[in-house]
Amino acid sequence: MHIPNIGFNHQKTNQAELEIIELCEVNHQDFKTHAPNQPHRVNFFMLIVIEQGSGKHWVDFKEYPFQAGSVIFVQQEQVHAFDFSNNPQGKILMFTQAFLDRVHDNMRLPSYTPTHLNNHYSPLLSLDNNNQSRTLSLLNEMAIELACEDGDPLIVMYLFSALSLLHRRLKRVAEVDNLSPSQSRMLSTFMTLLQTNFERVRDANWYAYQLATTYKTLNRVTKIATSLTAKQMIDSYTIIEIKRRLVVSKVTTQQIALDFGFEDPSNFVKYFKKETNMTPSAFRNHHSQIS
């Protein structure tokens, strides 16, 4: 199965780089390029707020059960799939990296970091009635401002920041200090380099050199952002991409090994097993129901 790559509709939002839609729109829309309930990759961020119903949302090979009050965060470049079997109702907030850059330029907001590369990360947040009401209120205010002919982008940014800070506080994870602006830029550039070169380069020193910094400095930034070293981030990103190809493509493991620069397939198997405790074939068979 091919993984569709879904892009953000910049024209629809008039370059606002942020859109809010009802979950039922995705459920009932006639998609010609992909089925939302099948694995697909998004090149933007998504915040899915469940108002009614229950089910399981699939994000990078894990199912996360949701119910009314659940918030599901899908990071840029993640592969996910909706579950509409129980007709859930809610809202989807979609935004791009360009929108985040504008927010960070105009106000102090913690950076969105690739915490999903840490195995202890969960994209699911459960809200009580009060915080669900506050979340929906902020989303509604954003939607109203976006619909205004003379709407102010700064108002949308402030509302978005309030929502992000509320959810950050409710997440209650053991987070370390925020990144400085220069560290945020370094992390963003590192992720861009990683997304381009992960198939052929898994040496953290190489990435540090490309960033005109030291391995020690790059490690400090990645550990602040994700609690992972630069090398652990590289391996985690690589393993996720290998998993995606194993599950949703019919390419042989030998071909995948070559695609990722392993001339000897046995070394590819060792690398994958070291990171997952499973062989590539065993992982593919375990998730064969998805394909």
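**Close-up 1. Asp60 sits in the loop between strand 5 (55-59) and strand 6 (62-66).** This is a predicted model, in which local features need pLDDT of at least 70, side-chain atom pairs count only at pLDDT 80 or more, and totals for chains, interfaces and linings use all residues. Residues are numbered from 1 along each chain as its sequence is written, and side-chain values use heavy atoms, with hydrogens and water left out. Strands (E, at least two residues) and helices (H or I, at least four) are DSSP runs numbered from the N terminus. Asp60 is not a glycine, yet its phi is positive, about 45°. With a relative accessible area of 10%, Asp60 is buried (buried means under 20% relative accessible area, exposed over 50%, partly exposed in between; 1.4 Å probe, protein chains only).

**Close-up 2. Asn277 lies in the loop between helix 10 (265-276) and helix 11 (280-286).** Here is another residue other than glycine with a positive phi, this one near 65°. Is Asn277 buried or exposed? Its relative accessibility is 68%, so Asn277 counts as exposed.

**Close-up 3. Strand 9 (residues 89-95) is mostly covered.** Six of the seven residues in strand 9 are buried.

**Close-up 4. Strand 9 pairs with strand 2 (residues 18-22) in the antiparallel sense.** Two strands pair if DSSP finds at least two bridges between them; strands 2 and 9 have five. Look for Ile20, whose bridge partner in strand 9 is Leu93.

**Close-up 5. Strand 4 (residues 45-52) and strand 9 run antiparallel.** Seven bridges join them. To find your bearings, look for Met46, which stands opposite Met94 of strand 9.
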